[in-house]
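Here is a friendly walk through a two-chain model, meant to be read with the viewer open. Take a first look around before reading on.

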Amino acid sequence: ERGGSNSFTHEALTLKYKLDNQFELVFVVGFQKILTLTYVDKLIDDVHKEFRDKYRNEFQQKGTLGLLNGTFDFKDDFMRLLRDAEESSKVRAPTVMKTFEQSLKSQKTVKCMIETRGEKPKEKVKNKKNKGSKKEGTEAVAAPGKASAGDKQPSAAGEKEELTKDEILQKNREEFFKRHMKAGEKSSKSPKPEAQKEKGKKPRVWDLGNSNAKVLDYSNSATNGSAEACPVEEFDPDTALGDRNREPGRLYDLEYESDDEAEEEKVVQNPSKPSVKKGGLGGMFGMLKGLVGSKSLTREDMDPVLEKMKDHLIAKNVAAEIAVQLCESVAKKLEGKVMGTFTTVTSTVKQALQEALVQILQPQRRVDVLRDVMDAQRHRRPYVVTFCGVNGVGKSTNLAKISFWLIENGFSVLIAACDTFRAGAVEQLRTHTRRLNALHPPENHGGRTMVQLYEKGYGKDAAGIAMEAISYARNQGFDVVLVDTAGRMQDNAPLMTALAKLIAVNAPDLVLFVGEALVGNEAVDQLVKFNKALADHSMAQTPRLIDGIVLTKFDTIDDKVGAAISMTYITSKPIVFVGTGQTYCDLRSLNAKAVVAALMKA
Amino acid sequence: GMAAGLEPHLEALRQELRAPDPAVLSVLLALLVVAITLLIWRFVRGRRSSRKAVLLLGLCDAGKTLLFARLLTGKYRNTQTSITDSSAVYRVSKDKSANVTLIDLPGHESLRLQFLERFKAAARAIVFVVDSVAFQREVKDVAEFLYQVLVDSTLLKNAPALLIACNKQDVTMAKSAKLIQQQLEKELNTLRVTRSAAPTSLDSSATGGPAQLGRKGKDFDFSQLPMKVEFVECSARGSKGEEGEADFEGLEKWLAKVA
């Protein structure tokens, strides 16, 4: 389901792949990460095309047995393609810079000189004048206010009318260099006027600062507080009140101009109608073509459908970037695939999307808490579960629900109150403990108190309390320790460090992230930052990350269940529990098919 | 009213039968033949078991794809982790015309249930391939997958024959089939308690909760299952290495029985 990006990096190698969905082939090219090879994409495309064309018959006719039995002697072709790709990407030698003789500039001066030579004297004078004026013009543009220097040039040109070729050449060269020197002259000349200015420096008067407050006080001292300050003629009651006809004291509703919008809609619809008609006939043929026979899917066919699916997913509360990535991966998986008869593009895309969603919701190993608790029981150590999450998602409530479930299955629970910040956190857990003990009194369980609270009040270090709680549980023989932590925002660096320290030091068996189902795009940010914090502050080789997700407040969303997808996509960890209410029995496990059905429902 | 309406039609029919008009009669005859043919065809199709598939299931790296290749071609191939299913027709023995469709499904956790869903209805028999060398380490995962296969409602209804093939017997550290059977029984015993005690699924009203495996009071035993379960040892690679034959006579015999 993560087929959107086509490259994968592991240690020193990078892998790029391409899928052929028609014949179900995967082409993978691996190369060292440090080499930035530009021809890889082209190479993989070429290999794909050639391989497919060469062995097309074998795939189509012989099927699986052909794949198993056939020999695919592609080595020579591959070497040839590789050589071609390498050559095409070789860097060309850097271009040699043109010498001054070759450049147009030097040629220009010679040319100009040749022109003046070959003309009549009258024209010569005119030309010279023109040249002079031209020069003056350019100089005026380039350096305003350098009229003195500009004047020099035409006068000089005007004086020398008969010159030898070489002299003229030399003169032009001098002018040419002078022009370049002019920039230097400019800079040398500019300090002079500045130096003059400095001698006669006047104090600068700023408008706003340094002057007396009195100067700034424009208020009329006599008018403050007096009633006659504002001249009467300036106030016009008509314009001030606006609508004269309104009832005094009544608050009117916001007026809603729907007429304009209706007009706009009509205008928009009319041009679209003829296009629909025109497209109707062609569309019908396309539909027929799609119904009968084998049509392979192209990107253009899938794009409108995928756009609609993406919007549909986002409307169902899936995070926007995840919806985009999902649609990308579905497109990659279906591109070039041959559709069967009587299947439309929409149905194929929907089917593929549904499969991808189910796959996302059933990631790696299922977390079976009871099984693992039994294992820990055998080793005579308590099973430690830590709950973390942002503020107000339902950590304490769901902790109570989970402890109720564990007690029902015969395990004794120690609740560690590591929320030492929020007012009433410890009392809340104490109330839950009392209630649970009332529901499951020790007499029913062989004289053993099933739930106990370990707390050290407020303001203490959470990691220390957790460690003490675990050793207390080991001594007293409790089966499970549930650690409740304070809610914290993912951006709050010191609190995230504290949480990471708690988890790194105590090494719990299960780290559960509690997230509410109402969250939208925030889910991505929360999970990424939590995981990052846990990874950054852990000393071990393999850091303890979030192992599972508890999705709470599921009863508040009816079918906008997209948060489940966002969370499992980001972490690849399963949703262990789903909270559907505030009583002890409102604890469920996730049913992937039901959630996907609710998501895809229109 | 209606009887009166039908009367003229019946009269017309009687008239036709008395004085047969060849065109109408031939049309009626043709319709009758078509109806009979359809009935026969449906009957025959229903009789011939529409489930002709033998599924190869198991964890990742159990050896399913290599077993598949060996059964079909007899040659050794270097395989990769499968990401999609492969199916081919397998002739059981040279003379018998019976054949089954072998389907090799991927074992990866994120794919296995999806593919099982797709093919379980067509399954006549299931070969569950177990890696005998890594079994000690993986016993919980093996049992979990096996549990999911066994409690599936479609498979419980059809009860296809189940063969647990303990693969990789060519390695010296491989566990025997008997040991694997005992361990699986113990693990499944625990699992059925924990799984049924898990919080009910979100949509549980529809499914009615997970099925109970085996008998309640007694310890779990493979004989308590509705389907026939057998254990067999095999080696897809073969004791003689890549060039030699694979060692799976037990598997081949069982396949011949099933087909």
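pLDDT is the predictor's confidence in each residue, from 0 to 100. That score matters here, as this is a predicted model.

**Confidence along chain A**

Chain A has an average pLDDT of 74, and 63% of its residues score at least 70. Among the elements of this chain, strand S4 (residues 383-388) of chain A has the highest mean pLDDT, 93, while helix H5 (residues 147-159) of chain A has the lowest, 42.

The table sets out the overall figures for each chain.

| Property | Chain A | Chain B |
|---|---|---|
| Secondary structure | 21 helices and 11 strands | nine helices and six strands |
| Buried residues | 37% of the 602 residues | 42% of the 259 residues |
| Accessible surface | about 37,700 Å² | about 14,400 Å² |
| Carbon and sulfur part of the surface | 55% | 55% |

In chain B, 73% of the contacts between residues at least 6 apart in sequence join residues at least 24 apart.

**Annotated spans**

In chain A, the annotation "domain: SRP54-type proteins GTP-binding" covers residues 574-587. This span is 43% strand and 0% helix in the model, and its end C-alpha atoms lie 16 Å apart. In chain B, the record places a "transmembrane region" at residues 23-41. Here the model has 100% helix and 0% strand, with 27 Å between the end C-alpha atoms of the span.

**Helix H14 of chain A and the residue after it**

Is helix H14 (residues 369-378) of chain A largely enclosed or largely open? Seven of its 10 residues are buried, so the helix is largely enclosed by the rest of the structure. The buried residues of H14 in chain A are A:Val369, A:Leu370, A:Arg371, A:Asp372, A:Val373, A:Asp375 and A:Ala376.

Just after this helix comes A:Arg380, with a positive phi of about 60°. A:Arg380 sits in the loop between H14 and S4 of chain A. It counts as exposed because its relative accessibility is 75%, and the cut-off for exposed is over 50%. Most residues other than glycine have a negative phi. A:Arg380 is not a glycine, yet its phi is positive.

B:Asp61 is not a glycine either, and has a positive phi of about 70°. You will find B:Asp61 in the loop between strand S1 (53-58) and helix H3 (64-73) of chain B. With a relative accessible area of 61%, B:Asp61 is exposed.

**A buried serine**

A:Ser412 lies in the loop between helix H15 (395-408) and strand S5 (413-418) of chain A. Why does A:Ser412 count as buried? The reason is that its relative accessibility is 1%, where buried means under 20%. Leaving aside neighbours within four places in sequence, A:Ser412 is in contact with A:Arg448, A:Thr449 and A:Met450, as well as with A:Gly477, A:Phe478, A:Asp479 and A:Val480.

**Where both chains take part**

B:Glu144 belongs to helix H5 (residues 135-150) of chain B. At 10% relative accessibility, B:Glu144 counts as buried. Which residues does B:Glu144 contact, leaving aside its neighbours within four places in sequence? They are A:Arg365 and A:Arg366 from chain A, together with B:Leu191 and B:Arg195 from chain B. B:Glu144 and B:Glu187 are 43 residues apart along the chain, and their C-alpha atoms are separated by 8.7 Å.

A nonpolar surface patch also draws on both chains: A:Phe8, A:Leu15, A:Val26, A:Val28 and B:Ile83 form it, with about 450 Å² of accessible area together. A:Val28 counts as exposed, at 52% relative accessibility.

How values were computed:
Residues are numbered from 1 along each chain as its sequence is written. Chains are lettered from A and ligands numbered from 1 in the order in which they are written. This is a predicted model: local features need pLDDT of at least 70, side-chain atom pairs count only at pLDDT 80 or more; totals for chains, interfaces and linings use all residues. Side-chain values use heavy atoms; hydrogens and water are left out. UniProt positions are given in the numbering used here, feature names are shortened, and annotations may be inferred rather than shown by experiment. Helices (H or I, at least four residues) and strands (E, at least two) are DSSP runs, numbered from the N terminus. Buried means under 20% relative accessible area, exposed over 50%, partly exposed in between (1.4 Å probe, protein chains only). Contact means heavy atoms within 4.5 Å. Patches are made of residues with over 30% relative accessible area and no salt bridge: like charges are joined within 9 Å, nonpolar side chains (Val, Leu, Ile, Met, Phe, Trp, Tyr) within 5 Å. Accessible areas come from the Shrake-Rupley method with a 1.4 Å probe; for residues, only the protein chains shown count as cover. A salt bridge is a side-chain nitrogen of Lys or Arg within 4 Å of a carboxyl oxygen of Asp or Glu.
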